[in-house]
Amino acid sequence: MRKPTIHDIKRATAETSPYFFSRETLKFFGQTMKSFKVQKCDDGRYFIQAPRKHGGYTTRYFNPSNHKLETE
């Protein structure tokens with residue numbers, strides 16, 4: 001399986017996390033879809049991260065087996 005793009009992850013989580021990638025949420029944190037980076041983890045999940053406009057980062061783990069975004 002190839003590494004999913006952030007757009008693939010957005011489509012996959014549309015039902016489980018419908019507001020995470022919404023235009024309003026991204027605007028609030030000063031993010032765009034392009035600001036997210038995707039990295040494969042050893043456990044099969046994907047780490048996603050994007051900087052926030054007021055410092056810090058938004059981080060989640062995408063689990064492709066259940067299509068959920070997880071914090072740990």
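Predicted model: local features only at pLDDT ≥ 70, side-chain atom pairs only at ≥ 80, totals over all residues.
Arginine 2 itself is exposed, at 56% relative accessibility.

Next, bring in arginine 11. Its side chain also meets that of aspartate 8 in a salt bridge, with an N to O distance of 2.7 Å. Arginine 11 and aspartate 8 lie three residues apart in helix α1, so about one helical turn separates them. Arginine 11 is exposed, with a relative accessible area of 59%. Show Arg2, Asp8 and Arg11 together: salt bridges link them in a network.

Move to aspartate 43 and arginine 45. Their side chains make a salt bridge of 2.9 Å, N to O. Arginine 45 is buried, at 13% relative accessibility. The whole structure holds four salt bridges.

Then turn to the largest nonpolar core, which has 13 residues. Select Ile6, Ile9, Phe21, Phe36, Ile48 and Leu69, the members that touch the most others in this core. Colour α1 (6–12) and β2 (46–51), each of which supplies at least two core residues. The largest contribution comes from β2, with three residues. In soluble globular proteins, nonpolar side chains tend to be buried together.

Finish on leucine 69. Which residues is leucine 69 in contact with, leaving aside its neighbours within four places in sequence? They are Ile9, Thr13, Ser17, Phe20, Phe21, Ile48, Arg60, Tyr61 and Phe62.

Definitions and conventions:
Residues numbered from 1 in each chain as written. Heavy atoms only, no water. Core = buried A, V, L, I, M, F, W, Y, C linked by side-chain atoms within 4.5 Å. Buried < 20%, exposed > 50% of the residue type's maximum accessible area, 1.4 Å probe, protein only. Helix = DSSP H or I, 4+ residues; strand = E, 2+ residues; numbered from the N terminus. Contact = heavy atoms within 4.5 Å.
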